[in-house]
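Please find below a colleague's note, written for a reader who is new to protein structure.

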Amino acid sequence: MYHRIADVEVDPWDLAVSPKNFEEQLRILRGFNVVPLCYLESVATQRHLADNIIAITFDDGYIDNYNHAKPLLEIFDMPATFFITTESIEKQQEFWWDALERICLRTHTLPNSLTLSRPEPISWKIESQGHTGIDVLSRSDLYFKLCEMVLKMPSEIRDIFVEDLKTWSSNKTDRADYLTMKRQELLNLNSNPLFNLGAHTVTHPFLANHSYDYQKKEITESINFLEQLTKNPIKHFAYPHGGHNKTTLEILTQLGLKLAFTTNQGHFDRDSHPFTIPRLQVKNWDGCQFESELRKWMN
Ligand SMILES: [Zn+2]
């Protein structure tokens, strides 16, 4: 499981692998049996599975997948699946976790207090020069506290909240290299038989926090968008933040999906449920570190 192939300065969730390290990792992967994701479908139905196979996935649809991952995957002739959050294709705004990272961790000078009235009142003291103390939040405490709050919000409330924070920090400009692929880039990606697209909802909510109707709309609309765009059936899905419950699995069954992926760490094996497939998050390791992690995973 990859998210970004980019050089970034701050990466609180270990989401980015540098292009240099990604190339080294692909070099190592040449020694393994890398298969397209659809290969796992036959395992789910027929229980056939070769040993030591690897499938590569990317979540969220960041523009660096197109600029950095695609050319390298093509050179190494490696198949991959890209799970796309469809709202961001048109919206072209940073994801909320990136916006919060920029606001909390990358703003030069923040106000020394944060007071917001919606969706619930908060009033916190924030660390700044000469402003420390037991009830004062460090920048990283602020970041993780806000992430925890935002994760639970429905997207309409979440978007207003993030806008309020942008205004509060006076750090309002989204970074171009943190945006996602647009329609044409997705079409170009999809036109190479090595690659295919999967759905990752419309607005990237934590699905398990939401009702049947909310979940169904998020899942169905993202699949419909991608099917209309690519004229291909979309049969693979990844849960945003890994979040899912019984309702989510029920909806995926109704929609005839074939495979769905969590962010839980683990292997796909003969006993894996096709809708709760675990993955292994690849970090910004060089070739040597990656190979040693792979050997550990494959045992
Ligand atoms: Zn995601």
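1. The model under discussion is predicted. According to the domain assignment, the protein has domain 1 (4-93 + 177-298) and domain 2 (96-169). The distance between the C-alpha centres of the two domains is 29 Å.

2. **Where the domains touch.** How many residues of domain 1 are in contact with domain 2? Nine residues of domain 1 take part, and they meet 10 residues of domain 2. On the domain 1 side, the touching residues comprise six nonpolar and three polar ones, with no charged residue.

3. **How helix packing is described.** Two quantities describe a pair of packed helices: the angle between the axes and the distance between them.

4. **Helix 1 with helix 3.** Helix 1 covers residues 19-29 and helix 3 covers residues 63-76; their axes come within 10 Å and cross at roughly 25 degrees. Is this pair roughly parallel or roughly antiparallel? Angles under 35 degrees count as roughly parallel, and helix 1 is therefore roughly parallel to helix 3. The crossing is right-handed. Helix 1 contributes P19, F22, E23 and L26 to the contact, while helix 3 contributes H68, A69, L72 and F76. Sorted by class, these are six nonpolar residues, one polar residue and one charged residue.

5. **Helix 1 with helix 11.** Helix 1 also packs with helix 11 (residues 287-298), where the axes come within 8 Å and cross at roughly 45 degrees. Because of this angle, helix 1 is oblique to helix 11. The crossing of helix 1 and helix 11 is right-handed. On helix 1 the residues involved are E24, Q25, R27 and I28, and on helix 11 they are G287, F290, E291 and L294. This contact has three nonpolar, two polar and three charged residues.

6. **Helix 9 with helix 10.** Helix 9 (residues 212-230) and helix 10 (residues 246-254) have axes 10 Å apart and pack at an angle of about 45 degrees. Helix 9 is therefore oblique to helix 10. Here, the crossing is right-handed. Y212, Q215, K216 and I219 of helix 9 meet T247, T248 and I251 of helix 10. By class, the contact has three nonpolar, three polar and one charged residues.

7. What is the order of the strands in the open sheet of three strands? The order is 7-8-9, and the pairing is mixed. Strands 7 and 9 stand at the edges with a single partner strand each, so one side of each has no neighbour in the sheet.

8. **The pairings within the sheet.** Strand 7 (residues 113-116) and strand 8 (residues 122-126) run antiparallel and are joined by four bridges. A hairpin of five residues connects strand 7 to strand 8. Strand 8 and strand 9 (residues 136-137), by contrast, run parallel and are joined by two bridges.

9. **Two backbone details.** Most residues other than glycine have a negative phi, and most peptide bonds are trans. Where does the cis peptide bond occur? The cis bond joins R118 and P119, with omega about 0 degrees. P119 is placed in the loop between strand 7 and strand 8. A second detail concerns D77, which is not a glycine and yet has a positive phi of about 55 degrees. D77 is found in the loop between helix 3 and strand 6 (80-84).

Key:
Residues are numbered from 1 along each chain as its sequence is written. This is a predicted model: local features need pLDDT of at least 70, side-chain atom pairs count only at pLDDT 80 or more; totals for chains, interfaces and linings use all residues. Axes are lines fitted to C-alpha atoms, for helices over the stretch in contact, and angles run from 0 to 180 degrees between N-to-C directions. Angles under 35 degrees count as roughly parallel, over 145 as roughly antiparallel, 65 to 115 as roughly perpendicular and the rest as oblique. A crossing is left-handed if the near helix is turned anticlockwise from the far one by less than a right angle, and right-handed if clockwise. Two residues are in contact if their C-beta atoms, placed from the backbone, lie within 7 Å. Ala, Val, Leu, Ile, Met, Phe, Trp, Tyr, Cys and Pro count as nonpolar, Asp, Glu, Lys and Arg as charged, and the others, Gly among them, as polar. Two strands pair if DSSP finds at least two bridges between them. Domain bounds come from an automatic or database domain assignment.
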